[in-house]
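Subject: Structure handover

Hello,

Here is the structure I promised you. Please open it alongside this message, and my notes follow below.

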Amino acid sequence: MSWIRNKLHKTLVCIVCTFLCFCVQGFSLDLLTESLKTGTVVYWDPLSGNGLLEKNGHQVSFSAGQNVVLLDNRKLALVDEPVIKDGNLSVTSDFLSTIENFFKQESADIPFRVGAIIVDPGHGGKDPGALQEYTFNGKKVVVREKDITLAVGKMLYSRLKSGYPDKQILMTRSTDVFLSLGQRTDIANSVSLKDHEAILFVSIHANASLDKKASGYETWYLTPDYRRTVLDKDNNEDNTLFPILNSMMEEEYTTESILIAKFIMDGLQAQLGGLSTPRGIKAEEWFVVRNANMPSVLIETGFVTNEKEAALLNDQGYLKKVALGIYNGLTAFVTHFERSRGFTGTQQ
């Protein structure tokens, strides 16, 4: 029996040493697992390394490898930095304690809301975008991207105006006119908002490929590799914190854009069913997205170079389904945004 006791003793010593080793390292707790225990909602993007924690009407923005978090989009706090360990997002108990104490604070009565939504039908006027000629029912038809985007944009605009009479619903173009990419983002960036209001930017496009079999819809957001200035440096009291604040805000825009893209993909899939194929959420440095200082997504509604899909994109009934899918995705995001008191603060 003594050898059993010795073996158990050695095993316990090994376990204790392992535990102490983890404690010394500090990163012994899996954030996703621990958050489930406390009822904290976690939004985590492993691609960008950015995330949000939400509970009791409060939210915390964080980044892996960074020891600063943004609390309710208003103030910074120093914490033990979260790290990626063995593929998991790991934090210290002190990190969790700091966040949990913050969540226990009473929520201030601040009406975080989406104040404006910009609908941007791509191309227009002298710029037709992608186009292809087909013969449908014995009639020659040129399927143009600019026509598809305008049709979907108008339908989406109409639904948003009806569903949100208290919000600014704007279109970058409502007729067949040409706008440069800079003009489109200037329109969005010039919108006046009230305190604690956010603005969303949705750009609508259609796809093309040399592969005539390529088909399906997808949503894009700004790649995390791209960094932009989203705050007005002149309006920040402490310019020494400006780089940190700007980085946190830009990362938050990226995270929100990913959430919008996901909600829209879900909305499109629910409406289109087997009529088209979801191609997923992707990241790219689109000019029209990267220069909009707000959460922004770009939607590719389908391929005009695929004859079957082009026939669908030429059908008003199908485009209504596309517009409804985008609308449902946006309303799901807006509801979540406003229920959680918002991810984005006042636009500068």
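Helix α2 buries Leu-31, Glu-34 and Ser-35 in this predicted model. Seen down the axis of α2, these buried residues fall within an arc of 105°, so they line one face of the helix. Leu-36 and Lys-37 sit on the other side of α2 and are exposed. The cover over the buried residues of α2 includes β1 (29-30), β2 (41-45), β3, β4, β8 and α3. Gly-39 follows α2 and has a positive phi, near 75°.

The sheet

Which strands form the open sheet, and in what order? There are five, in the order β2-β3-β4-β5-β6, and the pairing is antiparallel. β2 and β6 stand at the edges with a single partner strand each, so one side of each has no neighbour in the sheet. From one strand to the next, the twist averages 20°. α2 packs on this sheet and touches β2, β3 and β4. The direction of α2 makes about 10° with that of β3.

Now the pairs within the sheet. Strands β3 and β4 run antiparallel and are joined by six bridges. Asn-50 has Ser-63 in β4 as its bridge partner. β4 (residues 58-63) and β5 are also antiparallel, with two bridges between them. Here Val-60 stands opposite Leu-71 in β5. Four residues lie between the strands in the hairpin of β4 and β5. Gly-65 in that hairpin takes a positive phi near 80°.

β5 (residues 68-71) is worth a look. Val-68 and Leu-70 point one way from the strand, while Val-69 and Leu-71 point the other way. All of these residues are buried. β5 pairs with β6 (residues 75-78) over four bridges, in the antiparallel sense. Leu-70 has Leu-76 in β6 as its bridge partner. The hairpin of β5 and β6 has three residues between the strands, and Asp-72 takes a positive phi near 50° there.

Helix α3

Which residues of α3 (residues 93-103) are buried? They are Phe-95, Ile-99, Glu-100, Phe-102 and Phe-103. These residues cover an arc of only 155° around the axis, which puts them on the same side of α3. An α-helix has 3.6 residues a turn, so residues three or four places apart point the same way. The buried residues of α3 pack against α2 (31-38), β3 (50-55), β4, β5 and β8 (88-91).

The cores

The largest nonpolar core has 50 residues. Leu-160, Ile-326 and Leu-330 have the most contacts inside this core. Helix α9 (residues 316-339) gives the most to the core, with 11 residues. What does Leu-330 touch, leaving aside its neighbours within four places in sequence? Its contacts are Leu-156, Leu-160, Leu-200, Val-202, Ile-260 and Ile-264. Another core, of 14 residues, lies apart from the largest one. Leu-53, Val-91, Phe-102 and Phe-103 are among its members.

Two loop residues

Most residues other than glycine have a negative phi. His-123 is not a glycine, yet its phi is positive, about 65°. His-123 lies in the loop between β9 (113-121) and β10 (131-136). Asn-137, also a residue other than glycine, has a positive phi near 55°. Asn-137 is found in the loop between β10 and β11 (139-144).

Is each of the two buried or exposed? The cut-offs are under 20% relative accessible area for buried and over 50% for exposed. His-123 has 19%, so it counts as buried. Asn-137 is exposed, at 85% relative accessibility.

The whole chain

The protein chain has nine helices and 16 strands. Buried residues make up 50% of its 348 residues. Take the contacts between residues at least 6 apart in sequence: 72% of them join residues at least 24 apart. The accessible surface of the chain comes to about 16700 Å². Carbon and sulfur atoms account for 53% of that surface.

Best wishes

Methods: Residues numbered from 1 in each chain as written. Predicted model: local features only at pLDDT ≥ 70, side-chain atom pairs only at ≥ 80, totals over all residues. Heavy atoms only, no water. Buried < 20%, exposed > 50% of the residue type's maximum accessible area, 1.4 Å probe, protein only. Contact = heavy atoms within 4.5 Å. Areas by Shrake-Rupley, 256 points an atom, 1.4 Å probe, with all protein chains shown as cover. Pairing = 2+ DSSP bridges. Arc of directions from axis to C-beta. Core = buried A, V, L, I, M, F, W, Y, C linked by side-chain atoms within 4.5 Å. Axes fitted to C-alpha atoms, helices over the stretch in contact; angles between N-to-C directions.
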